Amino acid sequence: MMDGTRTPADAPVLILLGPPGAGKGTQARMLVERFGYIQLSTGDMLRAAVAAGTPAGLEAKAVMEAGGLVSDRTVLTVLGDRLAQPDCAGGLIFDGFPRTVAQAEALDALLAARGREVDAAISLEVDDARMVVRISGRFTCAACGEGYHDDFKPTAKPGTCDACGGTEMKRRADDTPKTVMARLDAYHRQTGPLIDFYDRRGVLKRVDAMGDIDVIGAALAKVAGPIPA
Ligand code: ADP
Ligand code: ADP
Ligand code: ZN
């Protein structure tokens, strides 16, 4: 299938842009199921590094807890390692990366080295008030990572994961009212300019992300499907 120099024409490189709580992780998982893409969440990678106590994790921990952005250098190291794995030759969906113009430029270089480029940057558009409500009720299954929400996406059976039957649920250390404001501020200041960056390049797609999970999923599927041959 792969000849090592080019990727299949139907394997796009997609970016999900949007503030914390916009639904990037939720929708990325749906696209993975629907189209078989690989989800690349730098937040998940950094949380794994923190848990493992790697040098990157040691640097990232305090910054993440304060709601700031981890340095471009550390994020790019963690992501570069992941991108070098063989499964990343197929369709890719970046979730929570890039978050600065410097990261977007570094991503271009990483992709160009593989004969690829960003096919679409999809902006999930929600207002700040909604994002706070979404973050305050968020929890995930410790075993499989499925995401839930106290009010909007509860488990069918309390305390039991619908996807895998796991019974350990976790909440993120940074999903607190105080940290949320810092994260929102970082989003507007440092990540907001990427909307323009991708718009100027003609690959920006805006999706209204205020509605129900399934309605947004359907809108996304239309702009995030495989590239026609
Ligand atoms: P992000 O990855 O952008 O930070 P998540 O996908 O983790 O966001 O979603 C944040 C929280 O909001 C989760 O608890 C998730 O279950 C919930 N959620 C996601 N999308 C919606 C939606 N469209 N409507 C209501 N709740 C949502
Ligand atoms: P959310 O979208 O809900 O804010 P993420 O899981 O994407 O959550 O990110 C959690 C935290 O991890 C961020 O607040 C930031 O500290 C760090 N982080 C994740 N991705 C990046 C990135 N690309 N650049 C810098 N910091 C990042
Ligand atoms: Zn589970």
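Which polar backbone atom is 2.6 Å from an oxygen atom of ligand 2? In this predicted model, the atom in question belongs to Gly68.

**Surroundings of ligand 2**

- The shell around ligand 2 comprises 20 residues, and the closest are Lys24, Thr42, Arg47, Gly68 and Gln103.
- Sorted by class, these residues are seven nonpolar, six polar and seven charged.
- With four residues, helix H2, which spans residues 42–52, gives the most to this shell.

- Gly68 places a polar backbone atom 2.6 Å from an oxygen atom of ligand 2.
- Val70 also approaches through its backbone, with an N or O atom 3.1 Å from a nitrogen atom of ligand 2.
- From Arg138, a polar side-chain atom lies 3.0 Å from an oxygen atom of ligand 2.
- Ligand 2 exposes 540 Å² when taken alone, and the protein buries 97% of that area.

**The sheet of E6, E5 and E7**

- An open sheet is formed by three strands in the order E6-E5-E7, with antiparallel pairing.
- Strand E6 (147–149) and strand E7 (169–170) each have a single partner strand and stand at the edges, so one side of each lacks a neighbour in the sheet.
- In general, the strands of a sheet pair through backbone hydrogen bonds, in either a parallel or an antiparallel manner.
- Strand E5, residues 138–141, runs antiparallel to E6 and is joined to E6 by three bridges.
- Phe139 has Tyr148 in E6 as its bridge partner.

How values were computed:
Residues numbered from 1 in each chain as written. Chains lettered and ligands numbered in written order. Predicted model: local features only at pLDDT ≥ 70, side-chain atom pairs only at ≥ 80, totals over all residues. Heavy atoms only, no water. Pairing = 2+ DSSP bridges. Helix = DSSP H or I, 4+ residues; strand = E, 2+ residues; numbered from the N terminus. Near = heavy atom within 4 Å. Polar contact = N/O pair within 3.5 Å; in protein donor to acceptor, adjacent residues only side chain to side chain. Areas by Shrake-Rupley, 256 points an atom, 1.4 Å probe, with all protein chains shown as cover. Nonpolar A, V, L, I, M, F, W, Y, C, P; charged D, E, K, R; others polar.
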